[in-house]
Amino acid sequence: MSSIGYNVTRVQFKGNDRLTLGIVLGVLTFWLFAQSMMNIVPAIQQDINIPSASLNLAISLTSLLSGCFIVVAGAVADKIGRVKMTYIGFILSIVGCLLIIFASNTVIFAAGRVVQGLSGACIMPATLALMKTYYEGKARQRALSFWSIGSWGGSGICSLFGGAVATSMGWKWIFIFSIICALVGMLLIHGTPESKVVEKGRHRFDYLGLCAFVVMLISLNLIITKGSTLGWKSQPMLILFAVFVVSAIVFGKESYFKRQNGFIDLSLFKNKPYAAATFSNFMLNAAAGTLLVASLYVQQIRGFTAFQSGMLTIGYLIAVLAMIRVGERLLQKIGAKKPMLLGSFMTGIGIALMALTFLSNTAYVVAVLLGYILFGLGLGFYATPSTDTAISNAPADKVGIASGIYKMASSLGGAFGVAISASVYTALLSSGGATAATIGLLVNVLFCLLSFIAVLIMVPRNAGK
């Protein structure tokens, strides 16, 4: 393998509020089509005849495909330009939304979700790389906090927004608003100087590693979402298990032997703060399954409407939006570790309150409202310190790839968290909706615990100061 040198192109340009808003709108377009789905499953099934297992798979496809290709998109963004890659992401977002709006069957609906996943893969690492390139010091931490509002806060905004729109206007209007956000974002980013890495020498992309990685994740997702429907010992399931094992072995060998030139640059994980931020980010994003399970439970078992279900999350929305800037200030004052620990802990406690399904309607509504407030507070404390820890520890010549891996953790965490939570809930429904919801939610508490442990062990006390 030939040696490779890099030269990061720089211009005399400093990030401003216009660029920040355009980037935030780009992130929001992802959440409008990704997270709103959590709250409109019954409405979609009324309009499009999609079996529950297939719909669960289609919902997780966006995060799954985003996670599969986000590292590739980050590397491509480094090469062709981060601004150009952001534009590509906006265009794909619009195409995906149009496919969803005009979907008449499972195939078109799933295709729209796939395109939307590719859109997120383009937007996330490219915008994070722009943050590192055009903002410095406290200005970068401020910009990242707004980026986190679009990302973490976006999940709360879109859950509430999705329920309100689905109830009052019809669920397809969610994607019309997403298109509008994409168009406005493109206008705001227009005129931003291009930022890219000039590569010296030839680098052969690890296509085999990428293919093995995609096959491995898709087969694992199918195993999780279809296992209870097809039967764990059925022939299709055994074939999927075999495909997963073989693809995992191929990916492992490619990653090990190619090291820095592999599909995923393993050398980045030698930096413990970066590794901890990425893993804990994966686990805390896996807790997104909470939103799906809680929404399904109150609508299917307790008879809430989509709007009422969305209103339960209003405390989460307010808390996460308020605390993200607080997390930024805590990062500057005491470093990243304590806010990340507090965030993981509070998120887990919030989900545990939602798992108290034995309560009566009034008492359970109170528990869920309090739970969502703690959920939002926790994510708000965690978001900016975690993102800053990952980005500030990334080498300048690999910031696109490093950002891609970090956001891959977000997307894959969300995809598998939703898939696992939905599968647990669906599989246990025969035992009663309350039992199914409790166990499905406790799975998400476990995800938060693992995030807490990773931060406790691997993030140094002075990280982010």
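Trainee: Hi! Which side chain does Tyr406 join in a polar contact of 2.7 Å?

Mentor: Good place to start! Its partner is the side chain of Ser386. Keep in mind as we chat that this is a predicted model.

Trainee: Okay, and where does Tyr406 sit, in which helix?

Mentor: Tyr406 belongs to helix α16, which covers residues 399-427.

Trainee: Is Tyr406 buried or exposed?

Mentor: Buried. Its relative accessibility is 1%, and because the cut-off for buried is under 20%, Tyr406 falls well inside that class.

Trainee: So what does Tyr406 touch?

Mentor: Leaving out residues up to four places away in sequence, Tyr406 touches Leu128, Tyr274, Ala277, Thr278, Asn281, Ser386, Thr387 and Ala390. Take Ala277 from that list: Ala277 and Tyr406 are 129 residues apart along the chain, yet their C-alpha atoms are separated by 7.9 Å.

Trainee: Where is Val320, and is it buried or exposed?

Mentor: You'll find Val320 in helix α13, residues 314-334. Val320 is buried, with a relative accessible area of 0%.

Trainee: How many helices and strands are there?

Mentor: The protein has 17 helices and 2 strands.

Trainee: Can we look at one helix? How far apart are the end C-alpha atoms of α4?

Mentor: They are 29 Å apart. Helix α4 runs over residues 82-101, and its 20 residues should span 28 Å at 1.5 Å a residue, so the two values agree.

Trainee: And which residues of α4 are buried?

Mentor: Quite a list, including Arg82, Met85, Phe90, Cys97 and Ile101.

Trainee: Speaking of cysteines, how many disulfides does the count come to?

Mentor: The count comes to 0 disulfides.

Trainee: New topic: serines! What does the side chain of Ser309 contact?

Mentor: Ser309 makes a polar contact with the side chain of Ser295, at 3.2 Å. Ser295 also has a side-chain polar contact with Gln299, at 2.8 Å.

Trainee: How far apart are Gln299 and Ser309?

Mentor: They are 10 residues apart in sequence and 7.0 Å apart in space, C-alpha to C-alpha. Gln299 lies in helix α11, residues 289-300, while Ser309 is in helix α12, residues 306-311.

Trainee: Are those two buried or exposed?

Mentor: Both count as buried: Ser309 has 4% relative accessibility and Gln299 has 13%. Across the protein, 59% of the 465 residues count as buried.

Trainee: Last one. What is the average pLDDT?

Mentor: The average is 81, and 88% of the residues score at least 70. Look at residues 1-8, though, where pLDDT stays under 50. The model has 25 contacts beyond four places in sequence for that stretch.

Note on methods
Residues numbered from 1 in each chain as written. Predicted model: local features only at pLDDT ≥ 70, side-chain atom pairs only at ≥ 80, totals over all residues. Heavy atoms only, no water. pLDDT = per-residue confidence, 0-100. Contact = heavy atoms within 4.5 Å. Helix = DSSP H or I, 4+ residues; strand = E, 2+ residues; numbered from the N terminus. Buried < 20%, exposed > 50% of the residue type's maximum accessible area, 1.4 Å probe, protein only. Polar contact = N/O pair within 3.5 Å; in protein donor to acceptor, adjacent residues only side chain to side chain. Expected span 1.5 Å × (residues − 1). Disulfide = S-S within 2.5 Å.
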